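Please look through the sequence and the model below before reading on. The paragraphs that follow begin at a single residue and then widen the view step by step.

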Amino acid sequence: MNEVINLLRSRSSVRKFTNQNIPQDTLDELIKCGQAAATSSFIQACTVIQLEDSDKRNLLADLAGGQPYVASASRFLVFCADMNRHQLVCDMHNSEMISGYTEQFITATVDVALFAQNVMTAAQSLGIEGVYIGGIRNNIAEVSNLLELPTLVYPVFGIWHVPRLPCTRTRNQTETTLISRLKNRPLSRRQRYKNHFRIRWTSTGILSKPNRRHKRNNMERTNCKHVS
Ligand SMILES: Cc1cc2nc3c(=O)[nH]c(=O)nc-3n(C[C@H](O)[C@H](O)[C@H](O)COP(=O)(O)O)c2cc1C
């Protein structure tokens with residue numbers, strides 16, 4: 001349809017990479033793209049930590065459940081939800097920060113996700129690939145200590161950034177990506193929510209609408225799962 005749509009539809013996580021570095025200027029530009037994302041009530045609750053120290057990277061790779069690429073990728077960014085900065089600003093203005101509600105947790109985490117996805121997409125447009133590493137929350141307390149995070153700051157995920165290998169994509173990548181995902185229809189409903197329990201799952205992902213036998217049999221016996 002257009003280049004942006006093609007770019008978005010061809011996205012996928014990349015776990016193979018070259019040893020090429022990414023210039024700091026480029027990384028800074030990507031962060032600016034993240035900053036351009038919408039932010040709830042303009043609180044800008046995202047802080048990105050660029051982790052360079054190789055000892056810390058090695059440790060983080062272990063803490064993330066043994067994901068070696070966390071240590072070996074050319075760049076690794078940790079995206080943190082940060083209400084500490086908001087607290088500081090409120091203190092500076094002698095106003096009280098509303099806190100202690102799930103709402104603030106959601107707000108800050110969503111801010112981070114929007115920020116990060118902008119960074120990811122901008123990177124992709126420059127031929128720089130990555131993958132989210134939510135594994136850093138496996139040991140969130142240790143990771144917070146490692147990164148010396150203050151109170152009201154927590155790591156949401158990391159992303160590594162690596163120059164794209166010449167052959168990481170095939171001509172049919174868009175098609176492949178879409179096939180392995182939920183079909184568009186159950187994701188987007190008109191008028192009202194519907195349970196999609198009639199979709200058939202396998203270990204490789206969604207297959208298709210079930211045949212009659214699947215409709216008759218109960219979900220467990222047919223290896224189906226509720227998607228709701
Ligand atoms: C919040 C989040 C955390 C993720 N954490 C990891 C991770 O720790 N390790 C990993 O290899 N992939 C991780 N992924 C990548 C997903 O596994 C991947 O996006 C999913 O399997 C779909 O594949 P695709 O991105 O290639 O389309 C994460 C993705 C998201 C959105």
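Alanine 37 is found in the loop between H2 and S1, where helices (H or I, at least four residues) and strands (E, at least two) are DSSP runs, numbered from the N terminus. The model is a predicted one, in which local features need pLDDT of at least 70, side-chain atom pairs count only at pLDDT 80 or more, and totals for chains, interfaces and linings use all residues. Residues are numbered from 1 along each chain as its sequence is written.

Is alanine 37 buried, exposed or partly exposed? A residue is buried if 20 or more other C-beta atoms lie within 10 Å of its own, exposed if 12 or fewer, and partly exposed in between, with C-beta atoms placed from the backbone. Alanine 37 has 18 other C-beta atoms within 10 Å, and therefore it is partly exposed. Once its neighbours within four places in sequence are left aside, alanine 37 is in contact with Leu114, Phe115 and Asn118, where two residues are in contact if their C-beta atoms, placed from the backbone, lie within 7 Å. The C-alpha atoms of alanine 37 and glutamine 117 are separated by 8.8 Å, although these residues are 80 residues apart along the chain.

The loop between H2 and S1 also holds serine 41 and phenylalanine 42. Most residues other than glycine have a negative phi, and most peptide bonds are trans. Serine 41, however, has a positive phi near 50°, and phenylalanine 42 has a positive phi near 60°. Serine 41 is exposed because it has 9 other C-beta atoms within 10 Å, and phenylalanine 42 is exposed because it has 8 other C-beta atoms within 10 Å.

The next step is to look at a pair of helices. Two packed helices are described by the angle between their axes and the distance between the axes. Helix H2 covers residues 24-35 and helix H6 covers residues 102-125, and their axes come within 7 Å and cross at roughly 135°. Axes here are lines fitted to C-alpha atoms, for helices over the stretch in contact, and angles run from 0 to 180 degrees between N-to-C directions. H2 and H6 are therefore oblique to each other, since angles under 35 degrees count as roughly parallel, over 145 as roughly antiparallel, 65 to 115 as roughly perpendicular and the rest as oblique. On the side of H2, the contact is made by Leu30, Ile31, Cys33 and Gly34, and on the side of H6 by Phe115, Ala116, Asn118, Val119, Ala122 and Ala123. The residues of this contact between H2 and H6 divide into 8 nonpolar, 2 polar and no charged, where Ala, Val, Leu, Ile, Met, Phe, Trp, Tyr, Cys and Pro count as nonpolar, Asp, Glu, Lys and Arg as charged, and the others, Gly among them, as polar.

What do the buried residues of H6 pack against? These buried residues are Ala108, Asp111, Val112, Phe115, Ala116, Val119, Met120 and Ala123, and they pack against H2, strand S1 (46-50), strand S2 (75-82), strand S3 (128-133) and strand S4 (153-163). Just after H6, glycine 127 takes a positive phi of about 80°.

Residues in two of these strands can now be followed. Glycine 130 is found in strand S3 and is buried, because 26 other C-beta atoms lie within 10 Å. Not counting residues up to four places away in sequence, glycine 130 touches Val14, Met120, Ala123, Ile159, Trp160, His161 and Val162. Valine 14 is 116 residues away from glycine 130 along the chain, yet their C-alpha atoms are separated by 5.5 Å.

Valine 156 is found in strand S4, and with 23 C-beta neighbours inside 10 Å it counts as buried. Residues up to four places away in sequence aside, valine 156 touches Phe79, Cys80, Ala81, Thr109 and Val112. Proline 163 also lies in strand S4, and it counts as buried with 20 C-beta neighbours inside 10 Å. Among the residues in contact with proline 163 are Phe17, Gly127 and Ile128.

Finally, consider the whole protein, which has 10 helices and 6 strands. Buried residues make up 23% of its 228 residues, and of the contacts in the protein with a separation of 6 or more, 79% are accounted for by residues 24 or more positions apart.
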